[in-house]
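Here is a friendly tour of one model, with the cut-offs spelled out as they come up. Have your viewer open and follow along.

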Amino acid sequence: MLRPVVQVGGKSIGDGHPFFVIAEASSNHNRDMKTALGLIDAAAAAGADAVKFQAFTADKIVARMREKHPYIEHMFPHAGSMHEVYASMELPREWLKDLKAYSDERGLIFLCTPFDEEAVDLLESLGMAAYKIASYELWHLPLIRHAARTGKPLLISTGMGNLQAIEEALGAVAAEGNEQAALFHCAINYPPPFTELNLRAIRTMKTAFGVPVGYSDHSTGITAAIATVALGGNLFEKHFTLSASMPGPDHPFSIEPEGLAALVRGVRECEQALGSPIKRMLESERAGYLMGRRSIFAAADIPAGARITREMLAILRPGTGLEPKHLDKVIGRRAATDIRAQDPITWEKIA
Amino acid sequence: MKPVSLDGKPVGPGEPIYVIAEGANNHAGDHKIAMQMVEAAATTGADAVKFQCMDADEFAVPAYEWYKVYQQLKFSKQQWKDLKDRAAELGISFCVDVLDPPSVDLHVDIGTPFFRLHAGDLVNPFLLRYAAQADRPLLLHTGMTTIGEIEFAIDCITAAGNEQIVLLHGFQDHPSLHADMHLRVIRTYQEIFDRPVGLNDHTTDTVAALAGLGAGAMAIEKHFTTDRAAKRYDWVSALEPQEFRKMVEDLRSAETCMGNALREPSAKELAWRETTRKSLVAREDLPAGTILTEENVAMKRRTPLGIGPLDAPSIFGKRLVRAVKRNDLLTLEDLA
């Protein structure tokens, strides 16, 4: 039985717990260690919960064939094959230990998406808190099973997936005796138009599977992040880069450090803003703004004993006295005392 | 939503539905009958038995049409305590409607664990506050009221420092008609007030109670009598012990039926797969060398299961290395 809340690096992800933000560095390090460390710095500065890289090797991810994905063809017009493209973006695996140590130092949970079983084993030896499964690997059940056997939570992206594919992936996790999995709804496309985000599917997935659900975002800006919080999502992943103008397939749709900081800020603000479902006057409103509401006042001097008419009354600010709804209960009664024009009417002044 | 504990039993999401046998004034002021009602209620599986407590002179003016009846309904403090003690002996909780301040005092004195406020008092801040200060759970009967009035009542109680509130949806008429029940309001209350919600059922059968459970009710209050034919008071929509017991049983069964929201085939269903899912068999006698196609392969029930329809593409187009008889299972061993 999969749990409604998963534990990642000492943090709980699920309903009733803080929204979990992963800054996805992907391959935006461009095989440069300084850039990779800079990405970790930027994620930490933005206030993300985790930073994530990707561990694939060209040999283990793609067949040596000539066809190129149209997006890659567009990004790498001169590359001979997909294999060549992946080879040019590989994260040197010997870096992982240092990147994790640096993330630990910066107080970030270090995550890395394994794209093959060896990557899982290597990452496991480094002490990962969880494993991300990329959308493309939702159907790679052998990899999912292998990662599930670590006993660590699996954070599974579901771009292109339907309920059946998700069900099979979660079933594979549970079959290994692992009770912790979270899902990301995702629209692949780099970037997808907002009309393709279908964020309501987050609710569908929560209802269908009873596990934490979030969104893995390839869209631009921070709208999807805020909406995911508002829809009751539990986690979020955002591609980020030190500069969107760097060369590489993920840079153009990645958010820059300032944007990532704005996203985390927005998420935290939205969490606070959702608050309570109870509709009521706040104590701060009572203290500060009752002055702006209206009460019943004397419009003219009303001598003691006079029968009060509508003309003798005005409904004015502040709202600290008798509410306007009592007007008809005041009219027709006698003044118990002399009431001066512009004085508030109170029950004490009425006979 | 936080659960509210009624005499030690939590009422809230995921908790068993709390059932109250509402004796109301069916005892007609006869303490022996009231005692019998407590004893009978204890045999029904109800969690609590309830009566109504009023001090006639604090509750109504003498000219009010029911004033004389209210006078006749009066029990002494000792008599109330005897009812409460008897309920405790029999393992059923005891509670009352407190209809005026002296009734609150009386039941605080004898330790009645929780109260219900009558719908007529939801716009009476004085009694709401007074009951709230007794510092025990309050059930709010919301018949006749509007959302704003319920909000007002809740605010009065919470302002007095009492957060232990259970709302009871229910139409105030005797009897209520099915068309008057509007059970969907139960969810509305839960959403807007974020508190446990129950159902006050004044219909003459148990359909609304059962449907109410399905609609999210966390408590059910139903009128109860030991003798409907005696037509004492509050008998119109009351169930007799055997009927009440049946309702409680049905509620427990309905609760079991509600189960889990996640769609997962049960072990029994998984067993049914073995006998109702289909396998690929020869549609006719197929000689060795036959190429398997959708035309000569049929999907039929048989046990045990063989290759299923989802895996048909893995054998279509393959050549049989041996003959297979009509209705015999197609296996990988039959293929080249």
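What follows looks at one helix of chain B and then at a sheet of chain A.

This is a predicted model, in which local features need pLDDT of at least 70, side-chain atom pairs count only at pLDDT 80 or more, and totals for chains, interfaces and linings use all residues. Residues are numbered from 1 along each chain as its sequence is written, while chains are lettered from A and ligands numbered from 1 in the order in which they are written.

Helices (H or I, at least four residues) and strands (E, at least two) are DSSP runs, numbered from the N terminus. Helix α4(B) covers residues 77-90; at 1.5 Å a residue its 14 residues should span 20 Å, and the end C-alpha atoms are 20 Å apart, which agrees. The expected span is 1.5 Å times one less than the number of residues. A residue counts as buried with 20 or more other C-beta atoms within 10 Å of its own, as exposed with 12 or fewer, and as partly exposed in between, with C-beta atoms placed from the backbone.

| Class in α4(B) | Residues |
|---|---|
| Buried | Trp80(B), Leu83(B), Lys84(B), Ala87(B) |
| Exposed, on the other side | Gln78(B), Glu89(B) |

Just after α4(B), Gly91(B) has a positive phi of about 80 degrees.

In chain A, an open sheet of 8 strands is ordered β5-β4-β3-β10-β9-β8-β7-β6, with parallel pairing. Strands pair if DSSP finds at least two bridges between them. At the edges stand β5 (109-114) and β6 (131-133) of chain A, each with a single partner strand, so one side of each lacks a neighbour in the sheet. Strands β7(A) (154-157) and β8(A) (181-186) are joined by 4 bridges, and Ser157(A) sits opposite Phe184(A) in β8(A).
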